[in-house]
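Thanks for making the time this morning.

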Amino acid sequence: MTASTNIALIIGSLRKESINRKFAEYIVSQIPDSITVSEVDIADLPLYNQDYDNTTIESYERVRAQLKAADAVLIVTPEHNRTMPAALKNVVDIASRPFKESVWTGKKVALVTASPGSFGGINSGLDVRKSMQMLSAQMMINLEINLSRATESLDEQGVSSERTQKYLQRFVDELVEFVGNTGA
């Protein structure tokens, strides 16, 4: 019997009605039962400040522990002003500190961006990848997801576009392989 694979989910938007949350929920619904997905709550994190490195901040410790315990991290994020959202950058920084204690080192990370615009959050994705590369994370390269005009794929129930559903299923299949879970 094999232990369950654990994926930590970070949603880069803090909005309750975030389109990225809807895509994340759809992706999670397609992941096999042999994989556990737990959302990392990033809304309560104070802005990172290096002065906090020698201080215990409960929300920082919770997030670091959750990311450290995960076999992989799935980030689903919008783009804010042609880069990653501040809340996402904050959790990236928090989990990279204190110096030489980064939870990102060697961590498997997969990324999805979605935007109502025509570029699909690609700039946000590039900046996340740039940060993760510098932090020595292991990024999932195949399949890169940048959903443009993303609101067109949604309705009140979630992801309604059959084309987008098929595309996200391909992503899930690649993600399962990336995290090393064969569903056995």
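Let me begin with Ser115, which touches Ile19, Gly120, Gly121, Leu147, Ser148, Arg149 and Ala150 once residues up to four places away in sequence are set aside, where a contact means heavy atoms within 4.5 Å. Ser115 sits in the loop between strand S4 (108-114) and helix H4 (122-134); helices (H or I, at least four residues) and strands (E, at least two) are DSSP runs, numbered from the N terminus. With a relative accessible area of 14%, Ser115 is buried, and for that word I use under 20% relative accessible area, with exposed being over 50% and partly exposed in between (1.4 Å probe, protein chains only).

Before going further, a word on provenance: this is a predicted model, in which local features need pLDDT of at least 70 and side-chain atom pairs count only at pLDDT 80 or more, while totals for chains, interfaces and linings use all residues. Residues are numbered from 1 along each chain as its sequence is written, and side-chain values use heavy atoms, with hydrogens and water left out.

Now the overall picture. The protein has five helices and eight strands, and from the N terminus on they follow the order β-α-β-α-β-α-β-α-β-β-β-β-α. The radius of gyration is 16 Å, close to the 16 Å that the globule rule gives for 184 residues, so the protein is as compact as a globular protein of that length; here the radius is taken over C-alpha atoms, and the rule is 2.2 Å times the number of residues to the power 0.38. Along its principal axes the C-alpha trace spans about 50 × 45 × 25 Å.

Of the 184 residues, 48% are buried, and among contacts between residues at least 6 apart in sequence, 79% join residues at least 24 apart. The protein exposes about 9800 Å², of which carbon and sulfur atoms supply 47%, the areas coming from the Shrake-Rupley method with a 1.4 Å probe and, for residues, with only the protein chains shown counting as cover.

Which salt bridges might we look at together? The count comes to nine, a salt bridge being a side-chain nitrogen of Lys or Arg within 4 Å of a carboxyl oxygen of Asp or Glu. One of them joins Glu61 and Arg64, with the closest N and O atoms 3.0 Å apart. Being three residues apart in helix H2 (residues 58-69), these two are separated by about one helical turn; Glu61 is partly exposed at 35% relative accessibility, whereas Arg64 is buried at 10%.

Another pairs Lys166 with Glu162 at 3.4 Å, N to O. Both residues lie in helix H5 (residues 162-179), four residues apart, about one turn of the helix, and both are exposed. There is also Lys22 with Glu17, where the closest N and O atoms are 3.9 Å apart, and Lys22 is partly exposed, with a relative accessible area of 25%.

I will finish with Ala86, which is located in helix H3 (residues 86-95) and is exposed, with a relative accessible area of 57%. The C-alpha atoms of Ala86 and Thr5 are separated by 29 Å, the two residues being 81 residues apart along the chain.
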